[in-house]
Amino acid sequence: MRQLNAGLVALVLTARAVPLCAQDLSTLPWRSIGPASFGGRIDDIEAVPGKPGTVFVGTAGGGVFRTTNNGTTWSPVFDRDGKSTSIGDIAIAPSDPGIVWVGTGEANNRQSTTWGDGIYRSLDGGDTWTHMGLAATQHIGRVAIHPRNPSIVFVAALGHLFGPNADRGVYRTTDAGATWKKVLAGDSVTGAVDVAIDPDGRTVYAALYQRMRRGFGFIGGGPGSGLFRSRDGGDTWERLSVGLPAAIKGRIGIAIAPSQPSTVYAVIESQNGGVFRSDDRGSTWRRQAPLNPRPMYYSQIRVDPAYPDRVWLLGTNLHKSIDGGRTFTTDTTGDRIHVDHHALWIDPNDGNHMMLGNDGGLYFTYDGARNWDFIDNLPIGQFYDVDVDERDPYFIYGGTQDNGTWGVPVRTYNGVGITNADVMNIAYGDGFFTVTDPADPRYIYANSQSGRAYRVHLATREERGIRPVPPDTGETYRFNWSTPMARSPQDPKTIYYGGNRVFRTRDGGQSWDVISPDLTRNLKWKELPIMGMKRDSTTLSRDDGTSDYGTLTTIAESPKNAGSILTGSDDGVVSLTTDGGRTWTNITSRFKLPGPRWVSRVLWSAHDPRTAFVSFDGHYDDDMAPYLFRTTDGGATWTSIVSDLPAGHSVKSIAEHPVNPAVVFAGTEFGLYVTVDGGRHWSHAGGALPRVRVDDIAIHPTRHDLILGTHGRSIIVLDDVGMFDRGAPVAAAGDAVLYPIRPAMERFITRILPTPGARTFQAPNPPSGAIITYALGTPASMTDTATARLTIADASGRVVRTRTVAGSPGLHRTGWDLHDDRAPGVTDADEGWFGAPTGGWVLPGRYTVTLAARGKSLSQSVEVAADSRLDIASGALEARHTASQQLTVLEKSFNDGVVLHRRLTSEFTRLDSALAANPARRDSLAALTKKVRQRIDSLGRRFGGGFGGAKFGFLDLDASMQASSTAPTVAQQRALDQLRVQLREDLASLNTLLSGDFAEFQRRVLGGGGMTLAPVALPFPGSF
């Protein structure tokens, strides 16, 4: 039977193999839903001098954002041209603000740091970007542009964080990036972290930094680190030493006082480090203060543009000195702001105006840091994990870097969309894994760094600490920074938790069973060398960010085989049990890797009990290659399915399509990839989805939405992946495909008053009603028109809606809002109290959607349900629908009357002008002319538009009925009857004018002939 199952999977993969190119997915409608109620790490902020409302923000994982209106709105300007969303530094040319440089790859040395691909330049103020080289540097700490010649640029290149490489040091270009020269070299583990240019354009300071991180630790210093100066524009360099620490140094930050360039500050990591000052352009230094908080993560120092003694030092807190760095205080630098500061921009024309970037996002101050305004419209959260519940609308939960754990609805019931007010904070610390509880939706499991676990009551936010503790005081459990947590697909009350062992609870964390031995290599990790050095008490920044090693990183139980569990560890061990943890097998050797590699994800197939996936992330060993394996025999053998996944795109997360086993999604360091043929070919999702790191992927179990937890752009959703049910969502030349449509619900939209302005974060809701997805191939011939039309009919075949839709080649998505067609003549310009007018709600039931395109007619059915939140009285929807249909007939007749009146008016104006050429006839017809004009003007008031006009009465009554699920009230029915009676009278008067006085006027002016106008049919009750 097992062989048969494996054969069936292979058969399915072969049968469904369809070519798919990246461009085929470029139009997928990804929704970035935030949250923006908190930030993510910001590495740099730069504003245009003299025009500080134009600001660039460089984020640790979300790319570059720009505002031109002081933060009211932002645009991600780097998404299209940049290949990495990790930003190290931004520089605006002092002599030309249209020239902007971006160095990719943040310099903050975190275990979660993403690398870059070199340096980019924009010549149009950030609209477009060109890659200018230095791709192998991976991390750029600073970009400095000559004060007068924008063609001269210096780059402080750190090089690889997790291994040695040659492309590091200070680079200089004198031809605007056409060529680069390494003017200050370090060695294979020493790069440059900072560079600054004196206003004279000749004096340049640079900091070299020796450092390396591995999965098991970090060293932030060495003999290669040091502070250097060039007096000839970078041609030659000297190591600065007078007054500086003689001991081994680590990270160094540099700042030149703008108002007194001979004064230079440096924050230096060393045994006797701290803040140093030179007043002779670096020739001699004196130690001002020992302050230097967490050097490997900060080491940023700034000087006020007008006061050389006013110094700002960034760290966990924001430190201020007014005496040249001798003393620092934090009591006047603002409260109610996030900690961990990395970027500070000071307005060169106003030192009280500053912009601060930290692990919590972006802040503005206008009073010298006493009070800060949080800029809460940047969706740059760094999610590690996401999970979903099964409410409607469902919530997405996830943990974030340094900002706790959050929940956000996938949609709202208001017309604005998803705002920060819809988001809830669940837990503290660095948030990681979340697990929902289907058995009791009031609770959620969450955790923070180093294994702190809790079960949270969502209504009260009560947090119950449930971290496992060993019964034997001689044993210590080890937990990863991001501790894996998983719900059993067999029993929702069973939760697995991974330290160095696997723990299981069945009582909400009240107690834990230990169901495994140590599933790691259990190395003496603190003794492992880094850069050939052993770590001890003198090691600079020793193991900063690494609290434990030899820990589990991922756990999964099979949905098909209870007790079949896979685990993976940070030291490269994959383990398997098939009996619920009684026995375990180390299967690491079955993957044939070049060495131990961090296990990023294990996943059992929901389609076949013998199929599973394992991905490895080798970048902790300076191996950025993607590793992704599949087994179809229960783990006995494993086959790589990396195929054409690009080099350098290490795999972070994987997910399997819920219907089609040939479709697999892979989240990588630089975006999402999908295969539709079981891994033989991969395509980048692209389009509106940025090349952001995808740390986790969830697919909703019933809605089949694809949810991405990104490390830099918060949560991104692709609604309904049903277009992958049958393979690739593509169409051949001359062909068209209409994909199955999931059930839709009529949702009443609430108002938000006052309406939030552009400054408020507003994520889009999914298309209202039914989501319709189709693909069109290129036209097969010249006669194959590039048009497409949708027709929607009810169960009786009555057409309720028609629409012309996009007919260009490619994948398309649109929505049907579950309303009938509007009456002819009704447009969006007729907006009233209820917004743009719609047709009436259709009745719940089955409808047929037909696509006419490329000479074909394709149909899919869709089930429409009433709003599940409502208690709807029997017959209410039918009564409302009947009244809406009646109003539609009246609106059509009214608009027919509008058209007739408009044509009468035009013809009368033409005839009246003709009379002006014949004064005698004009005078003889003066009385009739006046009478006709008065009748036309009088009827014009009855067929006019605008607020309070006759047309408004029809539209307002119709909209008010659609705003409720109840039957029309007595008053609404009475208003409908009155509108019908009045309309019949008005149309009768219009027809009488047409056949009477107007006809007589036309005959006497022209003597026969003229425009022929037809009367409007009067609406009778029987015509409904």
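Colleague: How many positive and negative side chains does the protein have, and how far apart do the centres of the two sets lie?

Modeller: Lys and Arg count as positive and Asp and Glu as negative, with His and the chain ends not counted; each charge is placed at NZ of Lys, CZ of Arg, CG of Asp or CD of Glu. In this protein there are 104 positive and 106 negative side chains, and the two centres lie 2 Å apart. The model is predicted: local features need pLDDT of at least 70 and side-chain atom pairs pLDDT 80 or more, whereas totals for chains, interfaces and linings use all residues. Residues are numbered from 1 along each chain, and side-chain values use heavy atoms, without hydrogens and water.

Colleague: What does the radius of gyration of the protein agree with?

Modeller: The radius is taken over C-alpha atoms, and the globule rule is 2.2 Å times the number of residues to the power 0.38. For 1024 residues a compact globule would have a value near 31 Å, and the 34 Å of the protein agrees with this.

Colleague: Which residues have the most contacts inside the largest nonpolar core?

Modeller: In soluble globular proteins, nonpolar side chains tend to be buried together. A nonpolar core joins buried Ala, Val, Leu, Ile, Met, Phe, Trp, Tyr and Cys residues through side-chain atoms within 4.5 Å, buried being under 20% relative accessible area with a 1.4 Å probe, protein chains only. The largest one has 32 residues, with Leu887, Leu904, Phe943, Phe998 and Phe1001 having the most contacts inside it. Its largest share, ten residues, comes from H2. Another core, of 27 residues, lies apart from it and includes Leu28 and Trp30.

Colleague: What percentage of the residues count as buried?

Modeller: Of the 1024 residues, 60% do.

Conventions
Buried means under 20% relative accessible area, exposed over 50%, partly exposed in between (1.4 Å probe, protein chains only). Helices (H or I, at least four residues) and strands (E, at least two) are DSSP runs, numbered from the N terminus.
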